[in-house]
Amino acid sequence: MALIIAGERSGVGKTTVTLTLLSCLSRRSLQVQSFKVGPDYIDPMFHQHVTGRACRNLDPVLTSENYVKECFAYHSNLSEYSLIEGVMGLFDGVKVNNGKNSDFASTAHIAKLLNLPVLLVVDCSRLSGSVAAIVHGYRSFDQQVNIAGVILNRVGSDRHLSLLKNSLAPLQIPVFGVLKRQDNIKISDRHLGLVPTTEIPELNELIDQLVNLGESSFDWESLLPLLKSGDKGTRGWRDYPSSSIKIAVAKDKAFNFYYQDNLDLLESLGAELIFWSPLEDTELPKDIGGMYFGGGFPEVFAQKLAENTRTRNAVKAAILSGMPTIAECGGLMYLCGRIVDMTGKSWEMVGVLPTTAVMDKRLTLGYRRAIALQDSLLVDKGTTIYGHEFHRSRLISDSNKPLFETYRYDCEEFMGKEGWVSPFNLHASYIHMHWGNSIHIPQRFLKQCRIFNTLIF
């Protein structure tokens, strides 16, 4: 068993409620495994900070329904309690089957797929009697979704709470938690959502506040049995015997967008992951056979990245020598000639890609169906992959040999050509991929890394 925390829409406080629950469970020294619906990177960072365990993304668009079920079953069985944070509003998904199904990859879809109960978070700051209509609508909209109860968030006063409960009484729906309005508890955000955990020095103080709030705000006697996981599982899920190869994974304040499952797959396939910092380190890790630059916020730390000349030169030399390299979104930006940040200042970057990444007010967001236009480090020509874009930068010039032609996931709308494959050992793209259902991608990457390693060493 596990619980899914869903919202009636975005911005109702799902993440705050989820972090409060996770913080209270962890403070009680209980093992808790968290999950996040969708392609999010930053919310899982907060989950992991609180629980000490890597959060797992459940996304049937980027993987598959079977993978979601396998991933949840395995990881939830390794912990005492399990909690899933939803995405957007409960029924907000993508259209499939010619638009007939519009809740695919939604929180409701995951709830039905895993047969789990849902706690609906309702923002009550501008509601009283109308709360019943909202809850009734959500509970009756899809009878296959089990809304076990509600959490009333941003309640203004005892009088306000009384009005809310009186309105909900005829529905006979349990109220599992009441969170009063907390103007002093706020998680900072910026152009791509929440500020990552590594940039919030007061984060532990915030967690302490959430624990104090949660202990008195939730019906723990009713919640704990619903959160209880199944029997303990055993290690060994998706083990692939292979020889070892060292891979340098950029991980610091500038680069930290990674799906944990991708990193686990690399290790299962025989990679030894060496985490390092393009911000702080002045040289590459020793004896590596490949590099992996995830997404993040290179634009925020562009000056410091630019000032680390030795590392930029080392990265460029390694790529030009033939070292297999993956660069996603922020990683792609780092490999450009320059980055123009949000203030208009231009900073020199690695210079492997003959273009400039410029920050823009426009947000590029959404699932993508991408078709490979030629053979590359990760895929063969004609291969279709499914990924996700989430960025506010653009390149002033595109590759004359683009990697993908891209379409919206849910229709045939052409989104453009993008990505770089030159030199051949490089995969640089704005598209984030989850490899959980595509084991051939990390296998292909590590094969090239081993070939390179043999030639060099």
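A: The structure holds 1 cavity of 30 Å³ or more. A cavity is a set of points on a 1 Å grid, over the protein atoms alone, where a 1.4 Å probe fits but cannot get out. This is a predicted model, in which local features need pLDDT of at least 70 and side-chain atom pairs pLDDT 80 or more, while totals for chains, interfaces and linings use all residues. Residues are numbered from 1 along each chain as its sequence is written, and side-chain values use heavy atoms, leaving out hydrogens and water.

Start with the largest cavity. About 60 Å³ of space lies in it; a volume is the space filled by probe spheres on grid points joined across faces, edges and corners. Its lining (residues with an atom within 4 Å of a point) includes Leu192, Phe257, Gly296 and Glu299. Cys329, Met333 and Met359 also line the largest cavity. So do Phe390, His391, Arg392 and Ser393. Strand 21 (residues 384–395) supplies the largest share of this lining, 4 residues. Strands are DSSP E runs of at least two residues, helices H or I runs of at least four, both numbered from the N terminus. By class, the cavity lining has 6 nonpolar, 3 polar and 2 charged residues. Here Ala, Val, Leu, Ile, Met, Phe, Trp, Tyr, Cys and Pro count as nonpolar, Asp, Glu, Lys and Arg as charged, the others, Gly among them, as polar.

Next come the pockets. A pocket is an open set of points with protein on both sides within 12 Å along at least five of seven lines. The largest pocket has a volume of about 1600 Å³. It is lined by 50 residues, and Ser10, Gly11, Lys14, Asp40 and Asp43 are the closest to its centre. Strand 20 (residues 353–372) gives the most to this lining, with 4 residues. The lining of the largest pocket has 22 nonpolar, 13 polar and 15 charged residues.

The second largest pocket holds about 440 Å³ of space. Its lining has 21 residues. Thr364, Glu389, His391, Arg394 and Tyr430 lie nearest its centre. Strand 20, strand 21 and strand 23 (414–420) each supply at least two residues to the lining of the second largest pocket. That lining divides into 5 nonpolar, 7 polar and 9 charged residues.

An open sheet of 7 strands has the order 3-2-4-1-7-8-9, with parallel pairing. Strand 3 (56–58) and strand 9 (175–180) stand at the edges with a single partner strand each, so one side of each has no neighbour in the sheet. Two strands pair if DSSP finds at least two bridges between them. Strand 8 (residues 147–155) and strand 9 run parallel, joined by 5 bridges. Asn153 has Leu179 of strand 9 as its bridge partner.

Gly290 sits in strand 15 (residues 290–293). Gly290 counts as buried because its relative accessibility is 0%; the cut-off is under 20%, with exposed over 50% and partly exposed in between, for a 1.4 Å probe and protein chains only. Gly290 touches Lys246, Ile247, Ala248, Met323, Pro324 and Cys449, leaving aside residues up to four places away in sequence; contact means heavy atoms within 4.5 Å.

Helix 9 (residues 260–268) has Asp261, Asn262, Leu263, Leu265 and Leu266 buried. Just after helix 9, Gly270 takes a positive phi of about 105°.
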